[in-house]
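Here's a quick briefing for anyone opening this structure for the first time. Have a look at it, then read on.

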Amino acid sequence: MGKCPACGAWNAMVEETVVTKSNNSASAGGRARSLLDIENPRPVALKDIDVTAQSRIRIGNEEVERILGGGLVEGSMILIGGEPGIGKSTLSLQIPLHCPELRTLYVSGEESPRQIKLRAERLSNGNLHDNCLILCETLLENILQQAKQVQPQLIVIDSIQTIYSEAVESSPGSVSQVRECAAMLLRYAKASNTPVLLIGHITKDGTLAGPKVLEHIVDVVLQFEGDTRHAYRILRSIKNRFGSTAELAIFEMRNNGLREVSNPSEMLIPSHSENLSGIAISAMIDGTRPFLIEMQALVSTAAYGTPQRSATGFDTRRMNMLLAVLEKRAGFKLSAKDVFLNVAGGLRVNDPACDLAVVCAILSSNFDLTISSKAAFAAEVGLSGEIRPVSQVEQRIAEAERLGFETIYISSFNQIQAGSRFKRIRVVEVADIPELCRLLFR
Ligand code: TYD
Ligand code: MG
């Protein structure tokens, strides 16, 4: 059916087989179930449950461990989602390659063993160990059978959309296959205490594996984001039953795999000469980590009637709002100008504290006056042109100080916690945009 009779949306209907093959499927499903060796569970008193065995497994990749909340949890199921070419296969192959003591079964339904070997050699510079087993198989029952024989300490499935089970009649990648296979793998994970890492494709509208089927089943959902044309990738935790979801890690894609960027600020502020206008540095926080990032703006006289406004990595509507504030509250004639905004490094920012740096970059380009490259900004800009306080300002100031910035501009309404003292950085408090202009562009 093209159109949904209930809500009127087009192409929203998904075919799903509910009835399984009557005679065959019982045996196939039974086969899968017998492979799992699950006994009927009995109720246990909460205080009698043994948790000492629930130790975290180290995987030799500090950034991923941090996102997971300190390592892999036994019997947990983790889903990594992301657009094609973002580096999901690279990351999940890199983990076992850099961790020789972990016996891993890497199941691929997408690449041949030869392809995987070529990639693995590049990722490990030719130092392959023999604890990483590759299985190119898409039938779930066979995968479980092999897993039972090999007894791996980690299973990687690349990708869940290519795996199918005999027990379900629909084609691989359909909602019922994906859900059934994931549920079967989850039962294996819990029964054998083996962590399972699933790779999931993202559909065009950005959801993981169709209508959120997997996100409910798994324990941890990690999302790989970034612009595939840029080198930087962000791994973000969007669900975690064993840790915080406010974590993120930055990776850089190199010709020998993903490199952990443990100090993002140093990478995101390219070194350039002092005298460039239209650049301002923002002290932002994403997740729980502060880092400094460069905002670039270009303001020029519009050649045609309607001026162009475009922003890369920043919300265009928010930029238009800031332009309207500058026009109305501070009297800058920007309505006849083209305005382009770019966030360095191909990242997307949505921290309101970036407002002030955006405003400064726009004004700097408009006046063609430079801002010192040793100045950072952290404040929100309100609709009446006031400069508003932001959260965790001490952390932002500390990060800017650590990186050798000399001045940071914050809101004069921001209360700095008593006891935090900054010796090497000058903290300048500003109340509104006219005051900011007096300080910056005298
Ligand atoms: P891949 O992990 O195959 O992406 P996914 O599984 O998410 O679809 O990554 C593919 C991209 O990564 C590809 O465009 C090339 C790039 N790449 C490198 O730049 N260096 C490398 O060492 C590897 C393995 C991949
Ligand atoms: Mg892949």
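What follows covers cavities, salt bridges and a surface patch.

This is a predicted model, so to speak: local features need pLDDT of at least 70, side-chain atom pairs count only at pLDDT 80 or more, and totals for chains, interfaces and linings use all residues. Residues are numbered from 1 along each chain as its sequence is written, and side-chain values use heavy atoms, with hydrogens and water left out.

**Cavities**

- The structure holds 2 cavities of 30 Å³ or more; a cavity is a set of points on a 1 Å grid over the protein atoms alone where a 1.4 Å probe fits but cannot get out, and its lining residues have an atom within 4 Å of a point.
- The largest cavity has about 70 Å³ of space, and its lining includes Ile59, Val64, Leu68, Ile95 and Leu222.
- Helix H2 (62-68) and strand E3 (77-82) each give that lining at least two residues; helices (H or I, at least four residues) and strands (E, at least two) are DSSP runs, numbered from the N terminus.
- By class, the lining of the largest cavity has 10 nonpolar, no polar and no charged residues.
- The second largest cavity comes in at about 40 Å³, with Gly71, Ser76 and Phe242 among its lining residues.
- Its lining splits into 6 nonpolar, 2 polar and no charged residues; Ala, Val, Leu, Ile, Met, Phe, Trp, Tyr, Cys and Pro count as nonpolar, Asp, Glu, Lys and Arg as charged, and the others, Gly among them, as polar.

**Salt bridges**

- A search of the whole structure turns up 17 salt bridges, meaning a side-chain nitrogen of Lys or Arg within 4 Å of a carboxyl oxygen of Asp or Glu.
- Arginine 58 and glutamate 65 pair up at 2.8 Å, N to O; arginine 58 is exposed at 56% relative accessible area, while glutamate 65 is buried at 6% (buried is under 20%, exposed over 50%, partly exposed in between, with a 1.4 Å probe and protein chains only).
- Glutamate 399 bridges to arginine 402, their closest N and O atoms being 3.1 Å apart; they sit about one helical turn apart because 3 residues separate them in helix H11 (residues 393-402).
- Lys190, Asp219 and Arg241 are linked in a network of salt bridges.

**Surface patch**

- Val44, Leu46, Ile49 and Val51 make a nonpolar surface patch of about 430 Å²; patch residues have over 30% relative accessible area and no salt bridge, with like charges joined within 9 Å and nonpolar side chains (Val, Leu, Ile, Met, Phe, Trp, Tyr) within 5 Å.
- Isoleucine 49 lies in the loop between helix H1 (24-36) and strand E1 (56-57) and is partly exposed at 45% relative accessibility.

How values were computed: Chains lettered and ligands numbered in written order. Areas by Shrake-Rupley, 256 points an atom, 1.4 Å probe, with all protein chains shown as cover. 1 Å grid on protein atoms, 1.4 Å probe; cavity = no way out; pocket = protein on both sides within 12 Å on 5 of 7 lines; lining within 4 Å. Points joined across faces, edges and corners; volume = space filled by probe spheres on them.
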